[in-house]
Amino acid sequence: MPIVAQSTETTDWVSRFADEVIEESERRAPGKPVVVASGLSPSGPIHLGNLREVMTPHLVADEIRRRGYQVRHLISWDDYDRYRKVPAGVPGVDESWAEHIGKPLTSVPAPAGSAYPNWAEHFKAAMVASLAELGVEFDGISQTEQYTSGVYREQILHAMRHRADIDAILAQYRTKKAPAKKQQQKPVDEAELEAAEGSGAAAEDDGSSGSAGYFPYKPYCGNCEKDLTTVTSYDDDSTELTYSCTSCGFSETVRLNEFNRGKLVWKVDWPMRWAYEGVVFEPSGVDHSSPGSSFQVGGQIVGIFGGKQPIGPMYAFVGISGMAKMSSSKGGVPTPADALKIMEPQLLRWLYARRRPNQSFKVAFDQEIQRLYDEWDRLEAKVADGSVLPADAAAHSRAVRTASGDLPRTPRPLPYRTLASVADITAGHEDQALRILSDLDPANPLTSLDEARPRYDKAEAWINTHVPADQRTIVRDEPDTELLKSLDEQARESLRLLLDGLADNWSLDGLTHLVYGVPKVQAGFSPDATPKELPAEIKTAQRTFFALLYQLLVSRDTGPRLPTLLLAVGQERVRTLLGE
């Protein structure tokens, strides 16, 4: 009997699905491990949209584990799918790879320079490494291994015996296609389809329909290895199958009860696996809600294999800041590895945990990442002081730990925007970065950059890879004498007030108080006066003062937060550049 540690986090979507999945699993297979599943196709870079295919069942599986149940999270690597096209923008790949279109992904050469034996293994490896960093436990299943070793032989023979029943189900939806005119008005977006299907198999046909009738099985050609084949005859009793290849003209007759070079077509393959593995929970992309989608059709076909359709929430698209929905068919699409270079795994987990599967969201690669980190740090503070709301506490808990324990974290999680500014200004000089970061809190100085890692490294990577060169901060070498000479008395007084207060306020909080206080003092107010106590003109005066400091320090009207910038430049150099 499992020890049911009923979660107090009952207000979040993960707990609700966990309740439903446990109940359904006990009904279908009492006493056996709960089975949840994901499917990924290593047909190219596996992007952040595909990660939702994994994170949704992972979070549910992890909640079930926390309650003391045994769970299997299967990830089916659809590496026996056909190679459909040459993805754009993949390093080490050119148009010569087009000759492999139609072959299994595991029969396609890896990109030039890869250390992996084939295309599928190359793209699978990056995802496996990212899932390990994210704390995702799973059982990986290679569909190449399953099919070529004969694991599914009985299921294939069963599908061939019931091909008329399968064809009848598929025919219900073939007749419901929209008229050609409507399709032209609103064309199917391949990027949407690929992201939604998850497995990357959306473009597969329903089966082999030639003069001999319908067959839900596609052999890979024994000569050219491609799936451009048509079954021309099949005998149920002997399992003798004849096919011909439209690519190279090859044909042969084989016995299907001994033949392991082919696969069920996608709309039959997926429900077959539901039944074979006993899957209780598997999400699917938004396009599965349409008539004739793989999930909907699979719900009927799975009965032919003696199984039941899993609980299958629809998940919405994941985008990135400043870009449209993602598809691995396009080059340069961010992957989990790209995201983990600039953000800690806790933050990335949180983005997927805090939104219900049917809610879309964006992963930030631009300035928005700083706001996201601010929001995360505020959440951490609320968790620490006990003021957090239950749903937010649940999302936080799922982000920072799994049933196996806490994820590694930064010992001193300094503000991301501060770390980014320091990395920007110091340009890789770690001794300078440590000097500045030590000054942030003089009462509790940082003694080693390792205390700020890995967050510091993530912020530095973001600065170096996602901030355009014209937005980088370059501190002046010499004072801008022309600008200093042109200043009126009020501007000069503002600089004097700042310089006079530097020594006594040399910390992040102190300099923040100082730079905001100078315009207040000039207007006759206390530096401690709150915005409610000040006229609106003070904000204008502050903006003017800040712009002057930026011009004198970095020759721009804007830049990193001024307190951080001043700490980075250092007192002596600040005094020189401000004309003391």
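Arg-163 is buried in this predicted model, with a relative accessible area of 18%. The residue belongs to helix H6, which covers residues 163-174. Across the chain, 52% of the 580 residues are buried.

**Surroundings of Arg-163**

- Apart from neighbours within four places in sequence, Arg-163 makes contact with Tyr-214, Phe-215, Pro-216, Tyr-234 and Asp-236.
- The relative accessible area of 18% falls under the 20% limit, so Arg-163 counts as buried.

**Overall architecture**

- The chain contains 23 helices and 16 strands.
- Of the contacts between residues at least 6 apart in sequence, 71% link residues at least 24 apart.

**Helix H10**

- Helix H10 spans residues 294-301, and its buried residues are Ser-294, Phe-295, Val-297, Gly-298 and Ile-301.
- Viewed down the axis of H10, these buried residues fall within an arc of 160 degrees, and therefore they line one face of the helix.
- An α-helix has 3.6 residues a turn, so residues three or four places apart point the same way.

**Helix H19**

- Helix H19 comprises the 14 residues 489-502.
- The distance from the first C-alpha of H19 to its last is 20 Å, close to the 20 Å expected at 1.5 Å a residue.
- The buried residues in H19 are Ala-491, Ser-494, Leu-495, Leu-498, Leu-499, Gly-501 and Leu-502.
- The cover over the buried residues of H19 includes helix H18 (481-486), helix H20 (508-522), helix H21 (537-554) and helix H23 (571-577).

- Zero disulfides are found in a search of the whole structure.
- Cys-224 is buried, at a relative accessible area of 15%, whereas Cys-248 is partly exposed, at 35% relative accessibility.

Terms used: Residues are numbered from 1 along each chain as its sequence is written. This is a predicted model: local features need pLDDT of at least 70, side-chain atom pairs count only at pLDDT 80 or more; totals for chains, interfaces and linings use all residues. Side-chain values use heavy atoms; hydrogens and water are left out. A disulfide is a pair of cysteine sulfur atoms within 2.5 Å. Buried means under 20% relative accessible area, exposed over 50%, partly exposed in between (1.4 Å probe, protein chains only). Helices (H or I, at least four residues) and strands (E, at least two) are DSSP runs, numbered from the N terminus. The expected span of a helix is 1.5 Å times one less than its number of residues. Contact means heavy atoms within 4.5 Å. The arc is that of the directions from the helix axis to the C-beta atoms.
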